[in-house]
Amino acid sequence: MEIKVDRKIYSDSCISKVVYLLSDQYSIERAIDNDYETLTIIQKAEDEFNINGFWDKMNDFKLREIINTETKDIKTILYAKAFGEFDNLDENDFD
């Protein structure tokens with residue numbers, strides 16, 4: 001089975017995490033062609049590939065990536081306040 005993934009929507013990191021997550025059940029070959037990545041799925045066991053589960057995992061990791069990007073500055077401020085001596089530090093200091 002082959003699946004085409006739009007790399008403008010899903011990053012390499014997101015695709016790699018899903019491929020690793022599925023690696024115990026499937027061998028997955030990756031090929032990049034312009035803005036798309038083709039994943040060739042080869043079953044290791046008798047379980048049928050669950051395409052809906054695949055896209056659920058892709059969307060899960062995409063959402064995690066978005067959340068990490070949006071909360072990066074907040075995390076930095078929390079770390080700085082927790083481990084530093086910065087009493088008047090706010091998000092404007094990191095722009």
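Strands are DSSP runs of E that span at least two residues, numbered from the N terminus. Strand β3, residues 36–43, includes Q43. The model described here is predicted. Its chain holds three helices and three strands. Along the sequence these elements follow the pattern β-α-β-β-α-α. Of the 95 residues in the chain, 25% are buried.

**Strand β3 and Q43**
- Q43 belongs to strand β3, which covers residues 36–43.
- The relative accessibility of Q43 is 42%, so this residue counts as partly exposed.
- The partly exposed class lies between the buried limit, under 20%, and the exposed limit, over 50%.
- Q43 and S27 are 16 residues apart in sequence.
- In space, the C-alpha atoms of Q43 and S27 are 6.4 Å apart.

**Packing of helices α1 and α2**
- Helix α1 spans residues 12–22 and packs with α2 at an angle of about 135°.
- This angle makes α1 oblique to α2.
- The axes of α1 and α2 lie 9 Å apart.
- The crossing of these two helices, α1 and α2, is right-handed.

- Helix α2 runs over residues 51–70 and contains I66.
- I66 has a relative accessible area of 35%, so I66 is partly exposed.
- Patch residues need over 30% relative accessible area, and I66 has 35%.

Definitions and conventions
Residues are numbered from 1 along each chain as its sequence is written. This is a predicted model: local features need pLDDT of at least 70, side-chain atom pairs count only at pLDDT 80 or more; totals for chains, interfaces and linings use all residues. Side-chain values use heavy atoms; hydrogens and water are left out. Helices (H or I, at least four residues) and strands (E, at least two) are DSSP runs, numbered from the N terminus. Buried means under 20% relative accessible area, exposed over 50%, partly exposed in between (1.4 Å probe, protein chains only). Axes are lines fitted to C-alpha atoms, for helices over the stretch in contact, and angles run from 0 to 180 degrees between N-to-C directions. Angles under 35 degrees count as roughly parallel, over 145 as roughly antiparallel, 65 to 115 as roughly perpendicular and the rest as oblique. A crossing is left-handed if the near helix is turned anticlockwise from the far one by less than a right angle, and right-handed if clockwise.
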